[in-house]
Amino acid sequence: MTTATFFKKNGKIQKFNVSGHSGYSEQGSDIVCAAVSSMVMLTVNVITEDLGVPCSLKVVEEDALIELSLGDENDLAHILLSGLEREISNLSNDYPEFVRVVVK
């Protein structure tokens with residue numbers, strides 16, 4: 001199962017991590033895992049490369065883990081993270097046995 005955890009402070013996401021493989025299908029043909037990966041990488045790349053927001057990024061491939069923590073307040077980054085939370089939650093509603101969302 002893929003688990004996406006969002007950490008909020010004052011109603012804004014300050015950090016998120018996504019870990020695990022969904023198990024929907026075999027590796028390389030898992031559409032659920034591919035959807036999550038695509039959403040996460042788009043969000044991370046826009047925040048870090050396009051917006052240049054200071055943040056901490058951790059990737060552990062063997063654990064299928066990616067974690068991003070914002071270093072500064074940035075309204076656009078918070079909007080992107082809210083969109084990521086919403087879209088992964090939508091995917092979780094469609095595939096509840098393969099994707100879980102936790103908000104702390």
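Strands here are DSSP runs of E with at least two residues, helices are runs of H or I with at least four, and both are numbered from the N terminus.

Before going on, a word on what we're looking at. This is a predicted model, where local features need pLDDT of at least 70, side-chain atom pairs count only at pLDDT 80 or more, and totals for chains, interfaces and linings use all residues. Residues are numbered from 1 along each chain as its sequence is written, and side-chain values use heavy atoms, with hydrogens and water left out.

Back to β4. Two strands pair if DSSP finds at least two bridges between them. β4 pairs with β2 in the antiparallel sense, over five bridges, and β3 and β4 also run antiparallel, joined by six bridges.

Buried means under 20% relative accessible area, exposed means over 50%, and partly exposed is in between, using a 1.4 Å probe and protein chains only. Leu65, Glu67 and Ser69 point one way from β4, while Ile66, Leu68 and Leu70 point the other way.

Now the core. In soluble globular proteins, nonpolar side chains tend to be buried together. A nonpolar core, for us, is a set of buried Ala, Val, Leu, Ile, Met, Phe, Trp, Tyr and Cys residues joined through side-chain atoms within 4.5 Å. The largest one has 22 residues, and Phe16, Val18, Val40 and Ile88 have the most contacts inside it. β1 (2-9), β2, α1, β4 and α2 each give two or more residues to this core, and α1 gives the most, with six. Take valine 40: leaving out residues up to four places away in sequence, it touches Phe16, Val18, Ile66, Leu84 and Ile88. Contact means heavy atoms within 4.5 Å.

Is histidine 78 buried or exposed? Histidine 78 sits in helix α2 (residues 75-94) and counts as buried, because its relative accessibility is 5%. Beyond four places in sequence, histidine 78 touches Lys12, Ile13, Gln14, Leu70 and Glu73. Asparagine 10, in the loop between β1 and β2, counts as exposed because its relative accessibility is 74%. Asparagine 10 also has a positive phi, near 55 degrees, without being a glycine.

Last stop, the largest pocket. On a 1 Å grid over the protein atoms alone, a pocket is an open set of points with protein on both sides within 12 Å along at least five of seven lines, and lining residues have an atom within 4 Å of a point. The largest pocket has 24 lining residues, with Gly20, His21, Cys33, Ser37 and Ala64 nearest its centre. α1 gives the most to that lining, with six residues.

Notes: 1 Å grid on protein atoms, 1.4 Å probe; cavity = no way out; pocket = protein on both sides within 12 Å on 5 of 7 lines; lining within 4 Å.
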